[in-house]
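Here is a friendly walk through one protein model, written for someone who likes to know how each term is defined. Please keep the viewer open as you read.

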Amino acid sequence: MSTIPPNLLDYQRRALAMRESSYIDFPAHVHLETMARCNAACNFCPYSSLERKGAKMDDSLIEKIVNDLKDIPRLHRFQLSPFKVNEPFLDTRIFDLLTYLQSELPHATITLTTNGSLINERIVERLTQFPNLGYLWVSFNDHRPDEYEATMKLPYRRTRESLDRLHKAKAEGRLPMRIVLSRVGDGTAADEDFITWVRTTYPLFEVSIFPRMNWLGQVDVSPPTAPPIACTRWFDISITATGVVAHCCADGQARYPIGNVREQHVLDIYNSPSYRRLRATVDNRLQVEPCRRCNFL
């Protein structure tokens, strides 16, 4: 670890420790994209050029995936997110799906990630019926109206109204889950300004700054050089709406597939020899493709 920057040593230790746990055999996080649709066009996301745009996962395939995930031992806790490159609230099945997932996979922590713009009073009320969600993560990205609309291509006022609804429900105790507002950071003073604004405007929400990445070359954002460390995302599995399993969450276009859940068991894909070898033996992402081009942490 002598060549690893000091600020990344804890991350490297965490990634390598996962090899010695049940995560070597079973995923830590399952991303399940039920519909490849989004109402935003964020300038840091590959959705605008997504090749599977509009694809909808059929109910029978969702059931098959859930049945596969039932083979994960009950003692192994994992995270399950109906999200990849999409807006989950565009899928009219989302609340039925949440009910189904919680019923069939009690050892999974269900989490939701959204841009928040569609959250009306009806959605808030439905969310109150799922108090055990691990978190509701809102990708808000900029508190400044003009910059927000340039980044997200969504109406600022509408999203602020959604955030107000969520915060009010949180204050009333109707949404006990964590609610996080996040920003894809650019390393400027705007990152700290965003943190201060969230803590002042929505004190019951958490705030997070995510590093900007290039999605394995699928978005031109000129990220920093990939660090010489392993990756915790090697212990996840990322299922797209077509059934193709992407290399990881950063493989937005699924250009580096590791399997297809229509034809294979989810756990067989996760434990395929090449993918298992990656998480079991590689200490430095610079040694392997496509990870050597990824700065995501």
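The report below goes from the sheet to the cores, then to one threonine and some backbone details.

## Ground rules

This is a predicted model, in which local features need pLDDT of at least 70 and side-chain atom pairs count only at pLDDT 80 or more, while totals for chains, interfaces and linings use all residues. Residues are numbered from 1 along each chain as its sequence is written, and side-chain values use heavy atoms, with hydrogens and water left out.

## The sheet

Nine strands make up an open sheet with mixed pairing, in the order 6-5-4-3-2-1-7-8-9. Strands (E, at least two residues) and helices (H or I, at least four) are DSSP runs numbered from the N terminus, and two strands pair if DSSP finds at least two bridges between them. Strand 6 (206–210) and strand 9 stand at the edges; each has a single partner strand, so one side of each has no neighbour in the sheet.

Let's follow some of the pairs. Strand 1 (residues 29–32) runs parallel to strand 2 (residues 78–81), with three bridges between them, and His31 stands opposite Ser81. Strand 2 and strand 3 are also parallel, again over three bridges; here Leu80 has Ile110 as its bridge partner. Strand 3 (residues 108–114) and strand 4 (residues 135–139) are parallel too, joined by four bridges, and Thr113 is partnered by Trp137.

## Helices around the sheet

Two right-handed β-α-β units can be traced here: one consists of strand 1, helix 2 (residues 59–69) and strand 2, and the other of strand 2, helix 3 (residues 94–104) and strand 3. Right-handed means that, with the strands pointing away from the viewer, the path from the first strand over the helix to the second runs clockwise.

Helix 6 lies across strand 4 and strand 5 (178–184), at about 150° to strand 5. That angle is taken between N-to-C directions, from 0 to 180 degrees, using axes fitted to C-alpha atoms, for helices over the stretch in contact.

## Nonpolar cores

A nonpolar core is a set of buried Ala, Val, Leu, Ile, Met, Phe, Trp, Tyr and Cys residues joined through side-chain atoms within 4.5 Å. Buried means under 20% relative accessible area, exposed over 50%, and partly exposed in between, with a 1.4 Å probe and protein chains only. The largest core has 78 residues, and Ile65, Leu80, Leu127, Leu136, Leu166, Trp234 and Ile239 touch the most other members. Apart from it lies another core of 14 residues, including Ala36, Ala241, Cys249 and Phe296.

## A buried threonine

Is Thr240 buried or exposed? Thr240 has 0% relative accessibility, so it counts as buried. It sits in the loop between strand 7 (236–239) and strand 8. The Thr240 side chain reaches the backbone oxygen of Val244 at 2.8 Å. Not counting residues up to four places away in sequence, Thr240 touches Glu33, Arg52, Met57, Lys84 and Ala254, where contact means heavy atoms within 4.5 Å.

## Backbone details

Most residues other than glycine have a negative phi, and most peptide bonds are trans. Ala254 has a positive phi of about 55°; it lies in the loop between strand 8 (244–246) and strand 9 (259–260) and is buried, at 15% relative accessible area. Lys153, in the loop between helix 5 (145–152) and helix 6 (156–171), has a phi near 60° and is partly exposed, at 48%.

Finally, the peptide bond from Glu289 to Pro290 is cis, with omega near -5°. Pro290 is found in the segment after helix 9 (273–281).

Note on methods: Polar contact = N/O pair within 3.5 Å; in protein donor to acceptor, adjacent residues only side chain to side chain.
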